[in-house]
Structures are given as C-alpha cells and as structure tokens.
Amino acid sequence: MDPAQRRLAERRLVHALQRLHRREPMAPDFRVDALVEAARAVPGATAGHRGGTPLTLTDGELRAIVDELVAARRFTRRGHRVQLAGQRPALDPDARERVDRLLDGLREAGAAPPRVDGIAARLGITPPLLAQL
C-alpha cells in the first residue's frame, strides 16, 4: 500500500468520523461501511486543492486501516460499529439549551402539544437531532 495513500486514508477516516459525530451528536457509534463511504465523500474538495487528492484505496484496504486505528486506540469498536476513542454522546451547550426549551414548551402545552417538528425548526434543532431525541 502506498504510504501517501495510507496517510491520506487515515486523515480522511478520522475527519469523517469526527463529521459523523458532529452531525449526530447523540449517536454513540457508526457502522464501518458508513464511515468508509463518508471518508470517500470529501466535502468541499475541488481539483487542485490539497484536500482534493483522490483516495485510490479499495474499501477492503480502508477497512484494514480502520482496524489499525482501532489497534492504535484512536477508534473503539463494537462489532461492525466504531467511534472516536473517548467519544460520548452529548449535546453542545447551545443545542442542549434549544432542546431544553423544546421540552419545556411541550410540557407547558399539556395533553395537546403542537407538532414537534415545527417547534424544533423554529428553535434551530435540526431534523437529524430531532430524530435522535
């Protein structure tokens, strides 16, 4: 395996897992195949840009690098799912405040609360986060 491609793959896998954790902060871990797919999809990469270098490794080689990252304790694994080492599902303070406001509003509404998705959108809670809640 080309050492430059190995380093590129490691960086992309770590950054992809970071993006997945940011996008779904309440998810404890992610499937390895979703991670491999996310590592191939570099957001905002254009030809000529340093981050636009094509990743030529096969999915099997990327999975082997995931195994190496697990062995190096940068990732932790449970079956076919991985997470960043030390990662715990949590909301950032801003999202936590928005969720608390959403829950307070639903409690105040009593037995006939309004549709949650409309309130969540007004509070800035994204649909993926709402689905996790």
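Guide: Let's start in helix H4 (residues 93-109), where Asp104 and Arg107 both lie, 3 residues apart, or about one turn of the helix. Helices here are DSSP runs of H or I with at least four residues, strands are runs of E with at least two, and both are numbered from the N terminus. This is a predicted model, so local features need pLDDT of at least 70 and side-chain atom pairs count only at pLDDT 80 or more, while totals for chains, interfaces and linings use all residues. Residues are numbered from 1 along each chain as its sequence is written, and side-chain values use heavy atoms, with hydrogens and water left out.

Back to our pair: Asp104 and Arg107 form a salt bridge, with their closest N and O atoms 2.8 Å apart. The term means a side-chain nitrogen of Lys or Arg within 4 Å of a carboxyl oxygen of Asp or Glu. Asp104 is partly exposed at 38% relative accessible area, whereas Arg107, at 58%, counts as exposed. (Buried is under 20%, exposed is over 50%, and partly exposed is in between, using a 1.4 Å probe and protein chains only.)

The structure holds 11 salt bridges. Another one joins Glu68 to Arg6, with 2.5 Å between the closest N and O atoms. Glu68 belongs to helix H3 and Arg6 to helix H1, so this pair ties together parts that are 62 residues apart in sequence. Both ends are partly exposed: Glu68 at 36% and Arg6 at 25%.

Those two helices also pack against each other, H1 (residues 3-23) and H3 (residues 59-71) meeting at about 70° with their axes 10 Å apart. Axes are lines fitted to C-alpha atoms, for helices over the stretch in contact, and angles run from 0 to 180 degrees between N-to-C directions. Arg6 and Glu68 are among the residues making the contact, which means heavy atoms within 4.5 Å.

Asp29 sits in the loop between H1 and S1 and Arg78 in strand S2, so they tie together parts 49 residues apart in sequence. Asp29 is buried at 5%, but Arg78 is exposed at 57%. Arg81 joins in as well: Asp29, Arg78 and Arg81 are linked in a network of salt bridges. Arg81 is also among the residues that Thr76 touches, and Thr76 is in strand S2.

Technical notes. Lists of a residue's contacts leave out its neighbours within four places in sequence.
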